[in-house]
Structure formats: C-alpha cells, structure tokens
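Dear colleague,

I am handing over the structure below, and after it you will find an account of what was found. Please read it with the model open beside you.

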Amino acid sequence: MVVLAVLLPVVFGALLLLGLPRALGVLGAGLSFLLNLYLFLTHPGGVAHAFQAPLLPGAGVYWAFGLDGLSALFFLTIALTVFLGALVARVEGRFLGLALLMEGLLLGLFAALDLLVFYVFFEAALIPALLMLYLYGGEGRTRALYTFVLFTLVGSLPMLAAVLGAKLLSGSPTFLLEDLLAHPLQGEAAFWVFLGFALAFAIKTPLFPLHAWLPPFHQENHPSGLADALGTLYKVGVFAFFRFAIPLAPEGFAQVQGMLLFLAALSALYGAWVAFAAKDFKTLLAYAGLSHMGVAALGVFSGTPEGALGGLYLLAASGVYTGGLFLLAGRLYERTGTLEIGRYRGLAQSAPSLAALALFLFLAMVGLPGLSGFPGEFLTLLGAYKASPWLAALAFLSVIASAAYALTAFQKTFWEEGGSGVRDLAGAEWGFALLSVLALLLMGVFPGYFARGLHPLAEAFAKLLGGGA
Amino acid sequence: MTLAILAIFSVALTLLGFVLPPQGVKRATLLGLALALASLLLTWGKPFAFGPYTVDGVSQVFTLLALLGALWTVGLVRSRRFEFYLLVLYAALGMHLLASTRHLLLMLVALEALSLPLYALATWRRGQGLEAALKYFLLGALAAAFFLYGAALFYGATGSLVLGAPGEGPLYTLALGLLLVGLGFKAALAPFHFWTPDVYQGSPTPVVLFMATSVKAAAFAALLRVAAPPEALALLVALSVVVGNLAALAQKEAKRLLAYSSIAHAGYMALALYTGNAQALGFYLLTYVLATGLAFAVLSQISPDRVPLEALRGLYRKDPLLGLAFLVAMLSLLGLPPLAGFWGKYLAFAEAARAGAWGVLVLALVTSAVSAYYYLGLGLAVFARAEETPFRPGAPWARAAALAAGVLLLALGLLPGLVLPALAAGG
C-alpha cells in the first residue's frame, strides 16, 4: 500500500510529463489524496504496511518503507496540499506533472525506513524542484536556482559521508533504521556524524543562518504558488532531525543541543522580524515559514515529548496552511497581476469569500486556538519552556510578531478603502476553499485524533534522550 | 578468444581496407567489436590464462566497458578514410591486453598499443589540434618512460615482473609510485592531467568520447592491479577532485569543461582503489561511460568541432530526445539519485570510508557539490530559449544510442542490483 501511495503520483506525473492533459493530473492528485486519507483513517498504529525488498543487499541497502503514525500524518497533509494546488493553480500539464513527481518523492522520503533510501529520496526531490524553478520561474531564477542547489548540495553531499559513517562506524549490518537504532554511535564518531546530518537538515529546516536560499527560491518561483507549496513541503529538516539524525547519534546531539536550540529560537524571531517588513506576499510567506520552522525545530531540539510532538504537528499543519497561503497568493496574482502587498486595497468588498478564506489561512498561521496552527505551537513552546525558559520566551515573541505581520498583510489587502473590484471565488477555487478550511478546523479542533500516532514516537524519542515521562 | 577476435579483425581489415569501401570497413569493425563483446559475455565469470595473458573478472568487466566506448565511437563516425576505424580497433586491442595482464612488460606493450592509435586519432582533422596532439604524444611518451622505469625498479625490488609479487622497502614503494604516474597519465589523474583539456578540445568529438570512456576504463583496470600506497592515492584524489572541479567552473566550451569534469571523475574513481574493489570501480565506470559517452555523443551531433556553451541553448526544442538525454547525463555525472551515477559515487565513496580515509572522502563530497554549478549550467542550458538556428536532427544511430544510454542510466539508478552481482562475478 505504501509503495502504491508513493508510485501513484509518480506514474501520473510521468504521464503528464509525456504530454497528457492537465485534467489527468488533477485526477491523479485527487486519487492520491483519497488513498492517503484512507491510509490515515485506517492506520492501526505502529508501523503499518511495511514493505521491504533488497536494493543492494551486499551493501546492506533495502527498499524499506513503512507507515508509522508520523508518516501517515505527513502522507495526508502532503497529498492534501498537492491536491489543493492541482485544483486551483492554472499551470500547464508538464508543470503539474513535475509537482506530482515531487509529491511521490516526498512521500517516499517520509515513508523510508532505510537511511540510504531516505537519502535517495531526499536528493531526488531536488530534481523536480529545480526543474520547476528553472522552467517556470521569474527573471532572476538562474541566480535563485544556483543558490538553492548549492546550499542543498553543500549540505547533503557531506551528509553522504555521515550516512556511510552511521553504518560503518557503528557496526550496524545494514542501513535499515531498526538496525541503525540498535547500534547507536558513540564518542567522537557520534559527534562528527551528527554534525554531518545537522548541516544538511539545518539547511532544509531551514535554520538561521543557513536560510539564505529560501527567500529567492520563493520570490522567483512561478506566481501560481504551486512550486512554492511543494517547496514548503520539501522543508523536511525538522522531520529528518527527529527520525534520523538525533536517534542515530544522540551523544552527538547532546553536545550541540544548546547551540541548536539557540539557532532555532533565533530563526523564529529573525524570520518573524523580516516578515514584518516584507513588501510582497512571497517574501512575507518565505520568512514566516522560516519563523514557523524555527519554532518547530525548537520543539524537537528541546528533547521533551511535548516539544517533539508539537514541533512535528506544527510541521505537518504548516505544510497545509503555508502551502495554502502560497496558492492563495497565486490566486491574488492572477486577479491583480502583482504580489506586492501595498498594491492591493479593499479586496473584501468585491470578493468577500476570498477574504474569508484568506482570514482562515492567516489565522491558522498566527496560531489562533481552534485552527490547525495552535496545538503544535502551544505544545512546542511548552516543551521548549522545559528545556530552556529564556529561549522559549524568545520564540514566543515570534508568535506575537506573527499576529502583527499576518494581520497587517490581511488588513492592507482585504480591508481599507478603495481599490478596484476583483472576481470572487469561482469554480474549483470553492473546492480549494472548502477543503482547506475543513482541514484547518479539523486539525485545530481534533489534534488528539490527528496526532494519535505521534504520541508513542515522541515518548520514545524523549526517552532516548534521557528525558520524558 | 576476445583477443583472437580483435587481433584477427585488426589484421584482416588492415589488408582489406585497401579494397573495401570505407563504409564496409566500418561495418566490419562494428562486427568485430560486437563479436569481441559477445565472446566476452559468453565466457563471463570463467577465468582463462595463456602465459602472461590472463582473462579474469577485472579484465572482463573493464574490457566490456572499453568495447562499449569503442562501439559508440565507431557508430558515430562517418569517415571517408578506413584508417579511422582501424585505429579504434587497434586501440581496443591494446585496451583489452592492458586489462588482461599482470606482467609489466606486456602491460607496457599494451599501453603503447592503445596510445599510438590515439595520438593519430587526436590529429584526425588535419591542421586542427596538432599542438594538442603533440603535447599528448610528448607527455604520453614521458609517462611510458616513467612506467618503464617503474617496471625496472619493480624488478629490482622483487625479482619479478609480475604485479602482486611481494616486496617492501623504499625501492618497492618508489617502483609502485612510478607505475602509478605512468598509468595516472592515461587515466587523467591530477597532477598528470595537463594534456587533457587541450586534447579534448582539439580532437574530433567522437575521438574524445573514445578517450574519455574506453581509455579510462583500460587505465583503471591496470591501476587496480597496482597496489598503490594510500598516501600517494590520497594526494592524487585530492588534487584531481579539486583541480578538476574548480577549473571546470570557469570553462566556456563544453568539451573543455567535460575534460576537467573527467579529471574530477578520475579522482572519484581512484577512491575505489583504496580497497581495490573491482565491483565498485566497475559500476562507477559503467555509469561514467554511459553518462560521459552520452554527453559527448550529444555534443557530436551539435558540432563535430568545438561546442561553446551557448550552442547548447534550445537543444530541447530542436530535438527533445537529445536534450533530455543530455540533462540525464549531466544529473548522473553530478551523482543525483535516482540516476545511476549516484550509486557509482556511493559505492566508490563507501570504499574510501571502509579504508578509513574520511578526510579525502569529505573533500571529494564537498567538491562534488561544487560540480553542481557547472553540470546544472550545462544540463539546464538545453531548456533555455534561443534564437532559431538551423539544426540538423541527430543521426538515427546516435539518437538510438542516446535513448538507450539515458534509459539505462535511469534503470540502473532505480535497480543497481541488476548488474552489480554480474560485476562481482566478474570481479
């Protein structure tokens, strides 16, 4: 089943790349969403649908996939976000094909239970991302592309050394996660291997000061926001820290935990600060994303069960609302031809439903209780407070700031007087609106249900680090 | 058997070339190479020895790769003179011999047998590339002298001319070092790489394909048999990956750029020499031969001569198959999964990790991140918009081979296990 879920978007993506019509892509994204919804709803706990086949058995590499509570949640949010994008983003079929291809690779990344297979997906997802940027990006895309690629590869190629080290230095017979976990690294090896992972994952979180690729990446991507939504989902650093880097080398993590906590809190605050001054939607969302990822990373780095649970929940939820906001920005661009915040005025008068949708998405980002951003943010800060009250306070400032930048942007765009009339929601946009608002509400009101598979994982994680209940 | 087929075809065609039309010689050459390939596959995994000529796993794997490159080269060329095909055939003979012996004198003969045809091929289009070919010849002769001197010292240190003879002491180390220099020249390892950019740029593109793929395969087969001292190896790898990747950044011409990239790749391959794992090196070379061959094959369809980077722009619009294949080749050379180049890199790098050479390993990884800059520049240029220039669609043979190589790169990337056991049975 997991393999089917991974292959389904890949197959549809390949068909679209061969020139089949766009509608088929929407169908593929829809089917993928339904399948992943089914997988999530029927998830029995533990590792379900485990699949294993030899890839390079001599070297201890296996195509090993499985769906635990964590990956099941991400399967759902990724497929949902891509489906939302397929519904509303007016892009040509090949573009959507690349997006579906990337969805499949991201699903594989989240389901991989073999370190090397994880690495393969982690790297492979780069290819559709950079093709989308290069083929459909804006004027300055070449520069943005090189920044993006070099940051990514400078992080992830040295990570290959860490991957090799995680097996060879620990004496594990294979790259399977369970074998690696049974042979944790010790001493100096743990430190260096963790550092290798940390560099790659900090870039993909992203953490200050390794975030420099993010703003140009979003600014130069296609205005429809589809590529940005996928890019948001590609920010898997927090997950990778939780699943691989920290459990494989807890000793190494312990040596740099303070530093990482500090960087996470700084990212949260810095991102919020810059977002406040942003002049256009994509820059605003890029920095807001940085700020939110900082908060999420703070939770995981705190090493507490609440923090880890909250951080991961925030990561999953932010994929939907940040991705949704990028898509919304794409809708605004299509209506007004600009992404600059100051250029819109009073859109709520002519497009009240659009404004309501935007309000929901922005408030989820702010972390309003009852919407999907709140549970994760709250638990994260609770966990972070246990680890470091001062840094939690610092990160809390970013939560306040998020209200400032998000609501200011909303107010400037949709309220105030004047401005020309624009079209309200129409057609497939209603599907986008209903589905995303439903997801925001459900994830906000029933966090316990959505995070039901996360609890045991977060507990085990904290126990590994010597904390927890 | 492989040796006999190659030798018979070479000699026979030397005589028949004067009466047959060039196209006939081309077909006969292709037939000879294909038969040699078939004989190789029929005896796969079965060692065979006749005096110092020993066909073992290493010999089979690397001869296979060399023959692939030779077939590709001959297929791409339409020469009006039959000598071109013959030279490739003679060089292939030398390559097979070089890969199939441990005897230093036979190795020297083989080295010359593969080098002399290449000197001639490098100047194939008269007037052009003469300076480069002269450089190639002079440095090649010097390298052969180094090799010969190394062989003499080896005999002095061990009393034997067969590689693998036990020995120790400074004389023995020096001998191995000199052999390494001689072969490192053919493999284009820095600091013995100075001929590479000039020769690649000045020679006809199909010849460059041959040099970049087959010659490298043969040279690395011989290098596998030389138990190089790890310190010397570390120096060669470090210099090759740094010089190759950094110099490639500044290039404006595709063939010259790929010449530097081939130097860097020689450095990555040398990582597998730490443990002498023929399987890892063989797989790396297989992916490298496919990707580099593909790249040069595409370039040869754009122009037989130099290819400034601007000439690649818009290739995708003119010929989608060649454009996509070129992108696949670049991504595979860069080592991005899910393409075969990634597993090649993984296997070679794992050997260095197993030998504990972490410092060199990290340097190689960081420099391969640098290489993303120029590989992507090349690979994405084919999608760029460009003013319409007349473009003759690629020859059918070239397109079919490009398609096959591209599909293989993807298939081996997803299922590297398909061929690895076979390489192990050979190695």
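The structure holds 4 cavities of 30 Å³ or more, a cavity being, on a 1 Å grid over the protein atoms alone, a set of points where a 1.4 Å probe fits but cannot get out. Grid points are joined across faces, edges and corners, and a volume is the space filled by probe spheres set on the points. Please bear in mind that this is a predicted model, in which local features need pLDDT of at least 70 and side-chain atom pairs count only at pLDDT 80 or more, while totals for chains, interfaces and linings use all residues. Residues are numbered from 1 along each chain as its sequence is written, chains are lettered from A and ligands numbered from 1 in the order in which they are written, and side-chain values use heavy atoms, with hydrogens and water left out.

The largest cavity has a volume of about 80 Å³, and 13 residues line it, those closest to its centre being Phe74(A), Thr232(A), Leu233(A), Leu315(A) and Gly319(A); a lining residue is one that has an atom within 4 Å of a point. At least two residues of this lining come from each of H3, helix H11 (226–233) and helix H15 (305–336) of chain A, and H15(A) gives the most, with 4 residues. Helices (H or I, at least four residues) and strands (E, at least two) are DSSP runs, numbered from the N terminus. By class, the lining of the largest cavity has 8 nonpolar, 4 polar and 1 charged residues, where Ala, Val, Leu, Ile, Met, Phe, Trp, Tyr, Cys and Pro count as nonpolar, Asp, Glu, Lys and Arg as charged, and the others, Gly among them, as polar.

Turning to the pockets, each is an open set of points with protein on both sides within 12 Å along at least five of seven lines. The largest pocket holds about 1800 Å³ of space, and of the 50 residues that line it, Leu17(A), Leu98(A), Leu101(A), Leu131(A) and Leu324(B) are the closest to its centre. Helix H14 (residues 320–334) of chain B gives the most to that lining, with 7 residues, and the lining as a whole divides into 41 nonpolar, 3 polar and 6 charged residues.

The second largest pocket has a volume of about 1000 Å³; 37 residues line it, and Leu76(B), Ser300(B), Ser303(B), Pro304(B) and Arg392(B) lie nearest its centre. Among the elements of chain B that each supply at least two residues of this lining are helix H2 (22–42), helix H3 (57–76) and helix H12 (278–302), and the lining divides into 19 nonpolar, 7 polar and 11 charged residues.

Between the chains, 35 residues of chain B are in contact with 32 residues of chain A, contact meaning heavy atoms within 4.5 Å. The two chains bury about 2800 Å² between them, 86% of it on carbon and sulfur atoms, buried area being the accessible area (1.4 Å probe) that two parts lose on being put together, summed over both. In chain B, Tyr346(B), Leu365(B) and Leu380(B) lose the most area to chain A, together 21% of what that side buries. The count between chain B and chain A is 0 salt bridges, a salt bridge being a side-chain nitrogen of Lys or Arg within 4 Å of a carboxyl oxygen of Asp or Glu.

There are 2 residue pairs in polar contact between chain B and chain A, both at pLDDT 80 or more; a polar contact is a pair of N or O atoms within 3.5 Å, of which, within protein, one must be able to donate a hydrogen and the other to accept it, and residues adjacent in sequence count only if both atoms are side-chain atoms. The elements that give two or more residues to the side of chain B that touches chain A are H14, helix H15 (340–354) and helix H16 (358–381) of chain B, with H16(B) giving the most, at 13 residues.

Over all chains the structure holds 15 salt bridges. In one of them, Arg243(A) pairs with Asp68(A), the closest N and O atoms being 2.5 Å apart.

Two cis peptide bonds also deserve a look: that from Thr205(A) to Pro206(A), with omega near -15 degrees, and that from Phe208(A) to Pro209(A), with omega near 0 degrees.

With best regards
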